Amino acid sequence: MKYLLTFFLLFLHAYSFAGEIIVHPGESIHDALRTAREWRRTNDPRCKGGITITLEAGRYYMYEPLFLRPEDSGTKESPLVIRGIGENHTSIICGDARQQHTQLWPQQGMERMIDFKKEARTITIPTPPDSVLQYFASKNTPLEMVVHQRWAIAILRVKKMTVEGDKTIISFMEPESRLEFEHPWPQPVIGGKKGNSSFLLRTTEQRDGIEQLVIVDGANYVRFEGITIDKTCWNRPLHKGHVTLQGGFPLIDAYKLKENPGLPWDEGLENQAWIERPVSAVTVRNAYHIEFYSVLFQNLAATALDFVDNISDCKVQKCTFGNIGGTAIMGGSFAESPREVHRPYTDLAEHCQRLTITENFIVDAANEDWGAVAIALGYVRHCTVSKNYVNRVNYSGICIGWGWTPLDTGMENNHIVGNKVSHYARQLYDAGGIYTLSNQPNSTIKGNEISQPFPAPYATNDRGFCIYLDARTDGFTIENNTTEGRLIRRDEIGDNHPGPNIVFK
């Protein structure tokens, strides 16, 4: 009997660790992934029931992203799991620490600009202290101007400062100078209801560093669980500045239609813009059944987690996001270049469908690019954002939709349900705790608890709302949403030309 029991325990031990690859700090996660890939290729018996790559507690520095290819795919019966040890997220995939800034003037907050001249491509400000002028003249570290633009910011590398008594005229480097002054909107506001737009001057000490840690491209049935994604940089502003359209999306070309504005789908359209997608610490594309469960994302300079294109049946559940420079969770196309962003595309929503974002904890996002958000979904369909906690973002909280169009683009059946959103619009306005764009039939905004917008200190208007139905929003049923312990009234919801099929209960 004793020998039989021993044999049985040994058998259970062997079976429980079948298909498990254990990685210790100092060892390569890339090598572990290659081992799993070869097991799949050779139909190794250890694939039965799934392969688990277990990261022992410790830090795993990534010199290049962990790249999951189609050959790394699991199956429904045999998924690939990459997991950490224990419940404290002590298995850490990490890169370089985020770039640090020194704000030279004002030392806290922002200062109001005096003028913004499109033709001259200059911004006029009160003359900074001598210490700032001398610092710029010494060129110890490049100087940046961060500009407030209602629902976006611009980061402009300073080229020249011309002092004229108590006023100083600043010009900027390319390409951001052209983009900032040619694109008609957003731009700084001079003479807004609450004053002129604001700015600050700062330096960036650290140069280029690791931006991406994990890329899933073509792999299916993969689950990440109990790990930490920690520390990435954001290099773009160091080389090109950062001029955005909305939601943290940088412009790569933009101008105003000067003759005969208007296009067949929008007679008032004058903006032409091409954007690119912000870099992300974890990127998913061309994949289905990818899950992130109880993953900690922290200290990331740009987007944390991005479902870029051609994804379906993916889930983000019970994850925590903290100290995120850009958007915490992004999904779906935003009509990035080579497409012009304002056209009503009908082929994009099907590229991101059945994405579920639920029970996540998002605190302190969009703290580098204030125009980013907590959760941003573009052209998507059949997606659910539910039971998430969002706190401390500088623009909007949960955003769904893109395109600024009343037409049928395939966006449909999207649901924002049971979320808690607070302390949003902390810096920028034209914002909503929940923010929508365009026609999305059979969609709902239901049972959400949303605080009143934060009293943003430098906003040039008062356009902040618990729920904001921006340009041509349509197809939503809105019911049982509350603020400060009471139901949100229809007349409190922000409207910007919504469609006729909004149902409010």
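Modeller: A salt bridge is a side-chain nitrogen of Lys or Arg within 4 Å of a carboxyl oxygen of Asp or Glu. By that rule, a search of the whole structure finds 29 salt bridges. The model is predicted: local features need pLDDT of at least 70, side-chain atom pairs count only at pLDDT 80 or more, and totals for chains, interfaces and linings use all residues. Residues are numbered from 1 along each chain as its sequence is written, and side-chain values use heavy atoms, with hydrogens and water left out.

Colleague: What makes Arg277 and Glu336 a salt bridge?

Modeller: Their side chains meet at 2.2 Å, N to O. That value is within the cut-off, so the pair counts as a salt bridge. The two residues sit in distant parts of the chain, 59 residues apart: Arg277 in the loop between β20 (271-275) and β21 (280-288), Glu336 in the loop between β26 (329-331) and β27 (352-358). Strands (E, at least two residues) and helices (H or I, at least four) are DSSP runs, numbered from the N terminus.

Colleague: Why is Arg277 called buried?

Modeller: Buried means under 20% relative accessible area, exposed over 50%, and partly exposed in between (1.4 Å probe, protein chains only). Arg277 has 16% relative accessibility, so the label is buried. Glu336 has 15%, and therefore is buried too.

Colleague: How do you know that Arg354 and Asp313 form a salt bridge, and which class of accessibility does each fall in?

Modeller: The closest N and O atoms of Arg354 and Asp313 are 2.8 Å apart, so the pair passes the distance test. Arg354 lies in strand β27 and Asp313 in strand β24 (residues 303-317), and this pair also links distant parts of the chain, 41 residues apart. With a relative accessible area of 36%, Arg354 is partly exposed. Asp313, at 26%, is partly exposed.

Colleague: What about Arg490 and Asp495?

Modeller: The closest N and O atoms there are 3.2 Å apart, so this pair is a salt bridge under the rule.

Colleague: Which residues are linked in a network of salt bridges?

Modeller: Arg98, Glu144, Arg202 and Glu368. Arg202 and Glu368 come up again among the residues nearest the centre of the second largest pocket, along with Gln103, Asn367 and Trp370. That pocket is lined by 28 residues. The elements giving two or more of them are β7 (101-105) and β14 (198-204), and the largest share, three residues, comes from β7.

Colleague: What makes a space a pocket and not a cavity?

Modeller: On a 1 Å grid over the protein atoms alone, a cavity is a set of points where a 1.4 Å probe fits but cannot get out; a pocket is an open set with protein on both sides within 12 Å along at least five of seven lines; lining residues have an atom within 4 Å of a point. The search finds three cavities of 30 Å³ or more. About 110 Å³ lies in the largest cavity, about 680 Å³ in the largest pocket and about 580 Å³ in the second largest pocket.

Colleague: Which residues lie nearest the centre of the largest cavity, and how does its lining divide?

Modeller: Gly247, Phe334, Ala376, Cys399 and Trp402 lie nearest, out of 13 lining residues. Ten are nonpolar, three polar and none charged. The largest pocket has 24 lining residues, with Trp185, Asn271, Trp404, Ala471 and Asn496 nearest its centre, and its lining has eleven nonpolar, eight polar and five charged residues. Here Ala, Val, Leu, Ile, Met, Phe, Trp, Tyr, Cys and Pro count as nonpolar, Asp, Glu, Lys and Arg as charged, and the others, Gly among them, as polar.

Colleague: How do you know that the buried residues of α3 line one face of the helix?

Modeller: The buried residues of α3 (residues 130-138) are Val132, Leu133 and Phe136. Seen down the axis, they fall within an arc of 100°, so they line one face. The arc is that of the directions from the helix axis to the C-beta atoms. An α-helix has 3.6 residues a turn, so residues three or four places apart point the same way. On the other side of α3, Asp130, Ser131, Gln134 and Ala137 are exposed. The cover over the buried residues includes β7, β11 (143-148), β12 (153-164) and β14, where contact means heavy atoms within 4.5 Å.

Key: Points joined across faces, edges and corners; volume = space filled by probe spheres on them.
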